Every structure is written in structure tokens, then in C-alpha cells.
Amino acid sequence: MPQNAVIREGNKAWEEGRAKNVTFVVTEDCQLRCRYCYMVGKNKAGRLPFDVARKAIDYLLTERALVPERSVVWDFIGGEPFLEVDLIDRICDYFKARAYELDHPWFDSYRLSFSTNGLLYNEPRVQRFIAKNRTHLSVQITVDGTRAKHDLQRVYPDGHGSYDDVVRSIPRWLDQFPESSTKVTISTDDIPHITESVLHLWGLGIKEVNINVVFEDVWKPGDDERFEGQLVSLADEIIRQGLYETNSCSFFSKTLGHPYRDNMNWCGAGKMLAVDHVGNFFPCVRFLGFSLQNRAPLVIGNISDGLDWNKLRSFLTLDMVSQSPAECIDCDIATGCAWCQGANYDFADTGTIFQRSTSLCKMHKARVRANNYYWNKLGRKLGRDLRAQA
Amino acid sequence: MKKTAGEAVGKITESERDEIKRLFERKNGLLELFKSISDASHPLYDRLVQDMGETATKFQKWWDGKSRQYRWKGAAGHHWEIDFETCEIFLKKDR
Amino acid sequence: MLKYLLVVLSEASTSFCTYEAKARKPGAKGLLPLEKLEAAVTFALKNNLKVNFLYPSQKLGPAYAALVEAVDHVKIVPFSARERHPDAILVVDSADFPAAGDLGKLRGTNIVFRLRRADLPRLSVLLGRLLPRARRVNLVLRDVENYGPDEFAEYGRQLEKASGRVLAMAAKKNPPELNVLTDRLILDKMNNCDAGLTHLTVAPNGRLYVCPAFYEACPDDTLGEIRNEVPIGNRRLLELKYAPICRICDAYHCKRCVFLNRKLTLEINTPSFQQCRVAHVEREASRAYLLKARERIGGTAVFADIPEIAYSDPFEVVEKDKISIAEFKKLGVPQ
């Protein structure tokens, strides 16, 4: 068995952990009404004025003591960000010129990041923007799997699916950004489509599939078993066809399913920043009003007064042990069990970020079992103990 | 961006990597900024043009210097690329 | 485990802590209804609770007095009501500081001294007038959320001056205590307010609250009617173990005010930088006081050292270094 067989791993995030992530919510509008979207209050009114973005950029560029990171990722989201590509273009031009003028380190180390539904990708204005900023762009188009799976959730307001319109953008997108990934979301109804969807996406040429279950408690009895079955079936196909050499799927990871060794809070809420259309600052986009079902938005400052560092203290000192039940702290297969600070806040018994949601427990355990199966089986094929490397 | 195609011809140190990475990012940043302020009347224009020239020169000098120092294999119709993650230098065919 | 019950007898009751009681005219309308007071007293008797009654300046009727006397208690009264309640804890406010003549009659009194930010430059002088009359002075900073670098510096200077006064009295029999200066000397672990953990509050509307500040800020934010089981959502967040900044801190005298925590940081387990800085100004004053006391009067061998530290806010430590899982598990475990 080949000792030096390649196993493709997922790309690392650019400047991982070292870049300041700033998210501009450029619009609360979207052409779609994806059924699993956590942004439950889409509307046309919430549009980011250029002046608000400008003031936010000025604040972040001038407050070096408060924002010491040497790199920045400007995330543009919505709704659908490319609905406002002209605005985004203007904002980016402003940032570039201002950072250059101030001789700010961010001029030499920035990225412009987009997570888009892909419907406007071929539009001339979007393509002009891409050409203008090519080397600094990260563009992720969400293709949710097979047509059947994609159109289950990613629908227009009248309920019809968007798959056919989205995949028209894929060839050009992959030509322009060959190492791109896509994001796939799994809710209860999506489970039967997992295997087929991952293989389908790889077949389209999207080599990296970041696939995750939703954080909301939507799970029905038996979902964990069905989920596990799908992942085992996927594992079998990956190994049988040797797809592990050129493709990656985030469901399978060597670091998954071990006891906790450290006490880190892995969520970046608080270290990143989101800015809404009225200039309020948030620890993450999941704390904006239109992302929350049960709680008031959690504002941590604004473009006029700056960041309220008292409101950030809890985020910056939040750790795993302070928010997790004892069962989670002591769990033998804890690593990789994910949480979202915004979802935690939304679903907690009281308005706190210190209560971790455990609605994913069974799904995590199912994933760990399938993950173990995958690495053990792959290891047998390759003659290596892959589990031991975790 | 991962690029695994091409022949691995050498490896540099992390500080050399940081050096070229900064020059690479700056060169790209200046070029892309120029697309927004190519009007000569813009207050940043002169500084930008000069900076572009200087950075391009430093960039090329780095490659020239390191390729001589490390004696990387070269070939007509090929160029060198760096993998910023691994610090490896690859010889790749021109498109 | 609950040990105390705080009963606010009237809407016009004095504040004895950091919160501001809304200015209300004393009168019968704002009184805690008699049946609610009886329920509170009964609750205390059934649960072995000592009661702190918080009084208004007006005189209460005999029915109220009888209920108060039916349970083991302490009275906290505004300075103006001192003659009616000679053994009570008196609340003095810097905004309405008593005349020398009025203070002169006091001996060995327990005083809560609420200081307005504007009066910070007079702190040492005002303490100089209170300390000789007191067994203990509990200093409460009224508007600490408005404190900044200038106030922290001034507070430090004032405590340094005050510590000279306390030191001068320390050699005498029964020297007075000043919470922000002398408490830290005798503490080897956190001694906090513990609102919600060791005590609850009955507000003038007869309902339960974590403390009077929560009632004053939002009467709807109640724990409900007086009853045997009082659930508090995420109660563990009131405990030191679940406070990442506080659990590594040794400013043991700090009150860890959960109301200010929530008001300023939105989390009941996370203090603001103002609270931490103030607590560390006090800690440093205690440390300096201990060193001077050792030099001048001795007899301080019983007090543990207060080590010098390089930070003025434990957030600086916690942000970089998270407690380990093993260390966390040891917390709150009886040694």
C-alpha cells in the first residue's frame, strides 16, 4: 500500500487567527428565501449607506491600539451582497485609498470576502469588480448539493428552486478561483441527500465542500442515525473511488472526536466585528436583529462612539468551561462539537452568551462514529494508522 | 491558495517567505489601487506611481537574488512560484 | 444557600448600595403592603434567614414595627432617621453630608457612606469625620460607571490619605474598619455581595428580586412571588466559578456587583473595567496600608502578604491565558 498517498485537507483560512474580520451587512435583501437561513427578517429597507461604511473604515484604520491586527478580511454579506456590488466597489476603493494614504499595514495585507448565492455572478458589474480586485478576493458560491437538495431549501419567494440559475455561474467561478470551496447546510430534511450531494459537488469541480449542520434545534428522533448512515455511505464512496486525494469534505477530520485538552472558545465572536446599515457594531453577524428569533440585538458600539470595550469583555474572556455543562467538559469525544455564540445567545434561558446549546449532541456523536469509520477504513487501505495522527 | 502542480526546486526560510509575501501583496495592492485612481489629478497618483515602480523593482530583485543564491533550476518558458504555506519554490510552465 | 433576606419597606427607602433609588415622596402609597411584609417575615422564619430591613426616612406604623421585630434582623436607615433607630446601620450620602453637630452624637456606629463622583476629592476629609464615630464604614461609590483614568488616580490619592487616618486610629482600642482598605487584610478568598446566591430582595411591590438594583432598573425583571422554590435562570453565572475574570482575581474585598456587571457588560458574571480598576486601586491601597502598618505599629503578622502585581485589571491576564480544565474543576470543590 502506498505510504505517501496524498490525502487532501481543507484549505486553511487566510492569515488564520491573525486577521481582523470585519463584516459589512450591505443589504438585508436577497433574491432567495432559503428555508434554513438564520436571517429570518429579510427586507429592502436595510441598506448600508456609503457614509456609514466610510466612518467604520476610518474608525478601524485610526484606532490602532484597539485594533492591532496586521491583516484584515472585509466580509461583505447580506442578504445577498452582490445586489449591492456598486456600493461594495465604492467601499473597497475607499478602504484601499485610505489605507494607502495612512500607510496602514492593512494595505499590504487584506482580503475581500464574499459568500454569495451566485445568481449575479456573471453580471457585468460583478465581473468588473472581480477583475478589479482579483488578487484580493475570496468568493464562495453556495451550491447546496444536488438539484434536489439545493432546491429543497434555496428557493425563490414563490418557492421554486434556484439550482439551475446558480450552477450557470460555476464554470466561470472555478476558472477564476480554482481552489474555491462551497458551503453546504444540513437541516433535518437534507439528511437523505448528503452522500449524493457531496459527490455531486466534487463532480462539478468544487474540490472543497464545507458542510455543516444547522445550530437550531430542528432535529427529529432518528435523525442522528440517518445522518450517520449517510456519512458512512459517503466514506465508503470516497475510499472506494480514491476521492480523498483531490477532494475534501469538512465532515471528516482527524481532529474530531477527542477529549478536550484546552479550554479555548473556538468561536470568533467578539474578535470579529459586524457593522449594520445604521452604523451599529456587533460581535458577529449572528447578533444582528434580523438574525435573532428570541433576543434583542447585542450592540457593542457604533461608528460615532466607537467600540464599547465593556461589552466585549465577556466575549474576549469567554471560554469553553464557563459555558458548557459538565457532561460536555468531560465528554470523551468532545472536539469538533460545534456551537455558535449567536445561536447560544438566541436560545439561552436568559440573555447570556454563557449557555452553550447542546441540541447538536446526538448529531455530533453520529458524526464522530462515521468519522472514526472513515479514518480507520482509509488507514487500512493506505497501510497507515491515520487515527493515531490526530 | 494551494498550488501543487509544477516541480519543487527549492525551499526558503520563513523570514524570506515573509519578505516576498509582503512584496507580493503590496505589488498586487498597488496595481489594484491604481485601477481606482488612474487619474493623474488624484492626490495619491504620483506617490502611487512611484511606489509601484519601486515595489516592482524590489520584487524582481528578490527573485533574481534568491534564485542565484539558491541556484534554483530554471527553464525557458517557465517561471517560479512560491507556496506561502510550505515555503517551497516550484518551477511551473508559463500559460 | 440563602442566608439573608433584604426587605425594602418602601418605594422611598434609602439606597444603601451603588444603585440610585428613584426620588419618591415618602407616603403610605409606596409602602410594602402589610400582608407582603408578613409573607416575607414568614419566609425568613421558615428558611432560617436573617433579615435586613431597608427603611425610608418616615416613621412606620406599629403593625410594621411588630412584624419587623418578629424576626432576627438588622435595620438599615437613612441618617435622618437615626434617632428613631439607635442601633441601626446608618446610610450617609456625600451629597447631603451631615453637619458636624449631627455626627458628634454618634459612637461606634456602623455606617454606609455613599460617595458621589463629584465629591471624590473630599473623600479623605469626609472619612476623617466619619471614622472617629464609627465601628465600621462601608464606602460605596455611587456612579463608578462614569469613572475614568482621572477618577482612578484621584481615588488612589484619596485612599492613601485616608489610610493615614486609619493608621493613626489603628493603635487605639477598637479601631474602626474601612471596608475598601481593611477588609482585604483579613480575607484569603472572595467575600462578595453574592446577591442571588446568599440573599434575595423583597421589593416594595412584594415580589422577589436578585437585589434592589434590579427592581429599581426594571420592576418587570422579577424572580416572582415569595414562595419556597425560587428558580433563577442560569443561576450558576452568579457563582465565582463561572466568572472568568473574577475567579483568578485576588481583590477579595470586591463586591462583584452583578447588577453593575449586567448593566455595563450585559453579562452578570463579567465586571466592567471600571469595577476592576476601582477594586485594584483599593487592593493597592490595602497593600500599601499593610506595609505601613507593619512598619509603624506591628501586630500585623496575622495578616497574609498582599503581593505586588503588574496589572490593574485581571482582564489583561484572562484575555491571554485561559484557566485550564483541570484548574476549573478544582474550583468550588472543598479543599
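Which residue in strand 2 of chain A does A:Asn21 stand opposite? A:Asn21 stands opposite A:Val73. This is a predicted model, in which local features need pLDDT of at least 70, side-chain atom pairs count only at pLDDT 80 or more, and totals for chains, interfaces and linings use all residues. Residues are numbered from 1 along each chain as its sequence is written, while chains are lettered from A and ligands numbered from 1 in the order in which they are written. The predictor gives the complex an ipTM of 0.93 and a pTM of 0.93.

**Confidence**

- Chain C has a mean pLDDT of 93, pLDDT being the predictor's confidence in each residue, from 0 to 100.
- In chain C, 97% of the residues reach a pLDDT of 70 or more.
- Where pLDDT is low, the predicted coordinates should not be read in detail.

**Chain A: overall form**

- Chain A contains 13 helices and 11 strands; helices (H or I, at least four residues) and strands (E, at least two) are DSSP runs, numbered from the N terminus.
- The radius of gyration of chain A is 21 Å, which agrees with the value near 21 Å for a compact globule of 390 residues; the radius is taken over C-alpha atoms, and the globule rule is 2.2 Å times the number of residues to the power 0.38.
- Along the principal axes, the C-alpha atoms of chain A fill a box of roughly 60 × 50 × 45 Å.
- Of the 390 residues in chain A, 45% are buried; a residue is buried if 20 or more other C-beta atoms lie within 10 Å of its own, exposed if 12 or fewer, and partly exposed in between, with C-beta atoms placed from the backbone.
- Among contacts in chain A between residues at least 6 apart in sequence, 78% join residues at least 24 apart; two residues are in contact if their C-beta atoms, placed from the backbone, lie within 7 Å.

**Chain A: local features**

- Strand 1 (residues 19-25) of chain A is largely enclosed by the rest of the structure, because 6 of its 7 residues are buried.
- Strand 1 of chain A pairs with strand 2 (residues 71-77) of chain A in the parallel sense over 7 bridges; two strands pair if DSSP finds at least two bridges between them.
- A:His200 lies in helix 7 (residues 194-204) of chain A and counts as partly exposed because it has 19 C-beta neighbours inside 10 Å.
- Leaving aside neighbours within four places in sequence, A:His200 is in contact with A:Gly145 and A:Thr146.
- A:His200 and A:Thr146 are 54 residues apart in sequence, yet their C-alpha atoms are 6.1 Å apart in space.

- Chain C has an open sheet of 10 strands with mixed pairing, in the order 7-6-5-4-3-2-1-8-9-10.
- The edge strands of this sheet are strand 7 (177-178) and strand 10 (224-225) of chain C, each of which pairs on one side only.
- Strand 6 (residues 134-141) of chain C runs parallel to strand 7 of chain C, and 2 bridges join them; C:Val137 has C:Leu178 in strand 7 as its bridge partner.
- In helix 6 (residues 179-186) of chain C, the buried residues are C:Val180, C:Leu181, C:Thr182 and C:Arg184.
- These buried residues of helix 6 pack against strand 6, helix 5 (149-170), strand 7 and helix 9 (273-296) of chain C.

**Nonpolar core**

- The largest nonpolar core has 186 residues, of which C:Leu5 and C:Val7 touch the most other members; such a core is a set of buried Ala, Val, Leu, Ile, Met, Phe, Trp, Tyr and Cys residues joined through C-beta atoms within 7 Å.
- Helix 9 of chain C gives the largest share of this core, 9 residues.
- Not counting residues up to four places away in sequence, C:Val7 touches C:Leu32, C:Leu37, C:Ala40, C:Val51, C:Phe53, C:Leu54 and C:Val202.

**Chain contacts**

- Of the 2 pairs of chains that touch, chains A and C have the most contacts.
- Chains B and C do not touch, and their nearest C-alpha atoms are 25 Å apart.
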